[in-house]
Amino acid sequence: MTSPLSGAAAIAGIGATEFSKKSGRSELQLACEAIVAALADAGIDPSEVDGLATYTMETNGEILVARNCGLGELKFFSRIGYGGGAACATVQQAAMAVATGVAEVVVVYRAFNERSGVRFGLGQHDRPMDSTADRAAYAWLTPQGLATPAQWVAMFARRYMHQYGATSEDFGRVAVVARKHAANNPAAWFYGKPITLEDHQNSRWIAEPLHLLDCCQETDGGQALVVVSAERARDLQHTPVLVKGAAQGSGKDQHMMTSYYRPDITGIPEMGLVGRQLYAQSGLSPDEIDAAILYDHFTPLVLPQLEELGFCRPGEAKDFIREGNLELGGRLPSNTHGGQVGEAYLHGVNGIAEAVRLLRGTSTNQPDGVENVLVTAGTAVPTSGLILGAA
């Protein structure tokens, strides 16, 4: 039996700024530009917006956004934690608000100067200590030299290689496909700049076994989505993109990118939890998913996502990728926008927008016959996911 949430809400508008390395304007301006563009795409006046959903890491407060975008009275506002793990959960919150009648038009937004401002890739080493439990948890890691996201992920990647025989080239194939798609996407930072597997292998080490080209970008920009009821969406200017499934997940003994104390660290159990909920809510199976947007902040974590979500068995993702299944003509065309490796790092919201384009049939890398797209949020943290589908 499908969930009451399945199909009740739809994404009716998408909007973004350009993706750059130095925006030259405030994060508030980036957020407002993306929101106004998304509302224009939906054909909805800003005064109709009565709900907002974003990340706890977002610097642009709801009341600031509302005043500067000319929004109406807000009846709903929600924030999700855990960095990129929040991406799909923001849409889940918006869909639940719309489905229950709490709000009628909810905008999801994320904007930052993540290249010219605070750079996430620098990790913890220069951040002041404080007395919070979350911050104290890093005290178990930083003295061991585990200070940056790349260093945290390198531990998982090395263990995965040891257990399943994966190689650096297997990770590189993920980057090559993403950059191939980005090269055909005018909005992507790496538009017109594909790479070869040799380029990947020759890129410098960041934290072995991660090369530079295994790591996502640092991006300045903004992205927004407009969520309304499925009924309302049918009267707007684009084909509705239904939220068929929306889930969050945190696994047993979960840590923030450092869940090293589990019996097995080659999988992503929280993503498996998300996947089971998505299939149960939507009534769909992995065989009915036509394309995927997989959170690729680091290429090694794409492989266990494929396994946890049922597209192949544990240890088989390397073979699934080698066979070309992430390509446009493959079993599961993935990250057709170029992903965070090739298009931009907007904490995953730009990937949700690409899923909308795939279902509208407007992607710059459009596969045939796309009716259901699975989207994932940040991995190695409490995470979330979506199944979006054609109306």
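The model is predicted: local features need pLDDT of at least 70 and side-chain atom pairs count only at pLDDT 80 or more, while totals for chains, interfaces and linings use all residues. Residues are numbered from 1 along each chain as its sequence is written, and side-chain values use heavy atoms, with hydrogens and water left out. Helices (H or I, at least four residues) and strands (E, at least two) are DSSP runs, numbered from the N terminus.

**Stop 1: helix 5**

Select residues 149–164, which form helix 5. The 16 residues should span 22 Å at 1.5 Å a residue, and the end C-alpha atoms are 23 Å apart, which agrees. The expected span of a helix is 1.5 Å times one less than its number of residues. Among the buried residues of helix 5 are Trp 152, Phe 156, Tyr 160 and Met 161. Buried means under 20% relative accessible area, exposed over 50%, and partly exposed in between (1.4 Å probe, protein chains only). The buried residues pack against helix 6, strand 5 (205–207), strand 6, helix 10 and helix 11; contact here means heavy atoms within 4.5 Å. Just after the helix, Gly 165 has a positive phi of about 75°.

**Stop 2: helix 6**

Move on to residues 168–182. The end C-alpha atoms of helix 6 are 21 Å apart, and its 15 residues should span 21 Å at 1.5 Å a residue, which agrees. Eleven of the 15 residues are buried, so the helix is mostly covered. The buried ones include Asp 170, Phe 171, Arg 179 and His 181. Their cover includes helix 5, helix 7 (197–202), strand 6 (210–211), helix 10 (302–308), helix 11 (317–322) and helix 12 (339–342).

**Stop 3**

Most residues other than glycine have a negative phi, and most peptide bonds are trans. Select Glu 208 and Pro 209: the peptide bond from one to the other is cis, with omega near 10°. Pro 209 sits in the loop between strand 5 and strand 6.

Next, select Asp 253, in the loop between strand 8 and helix 9. Its phi is positive, near 55°, and at 38% relative accessibility Asp 253 counts as partly exposed.

Then select His 347, in the loop between helix 12 and helix 13 (349–360). Phi of His 347 is also positive, near 60°, but His 347 counts as buried, at 2% relative accessibility.

**Stop 4**

Select helix 9 (residues 269–282), whose 14 residues reach 20 Å from first C-alpha to last, close to the 20 Å expected at 1.5 Å a residue. Its buried residues include Met 271, Val 274, Leu 278 and Tyr 279. Strand 8 (241–249), helix 10, strand 10 (372–376) and strand 11 are among the elements that cover the buried residues. Gly 283 follows helix 9 and has a positive phi near 75°.

**Stop 5: Ser 384**

Finish at Ser 384, in strand 11 (residues 383–390). At 0% relative accessibility, Ser 384 counts as buried. What does Ser 384 touch, not counting residues up to four places away in sequence? Its neighbours include Cys 88, Gln 248, Val 274 and Thr 376. A polar atom of the Ser 384 side chain lies 3.2 Å from the backbone nitrogen of Cys 88.

How values were computed: Polar contact = N/O pair within 3.5 Å; in protein donor to acceptor, adjacent residues only side chain to side chain.
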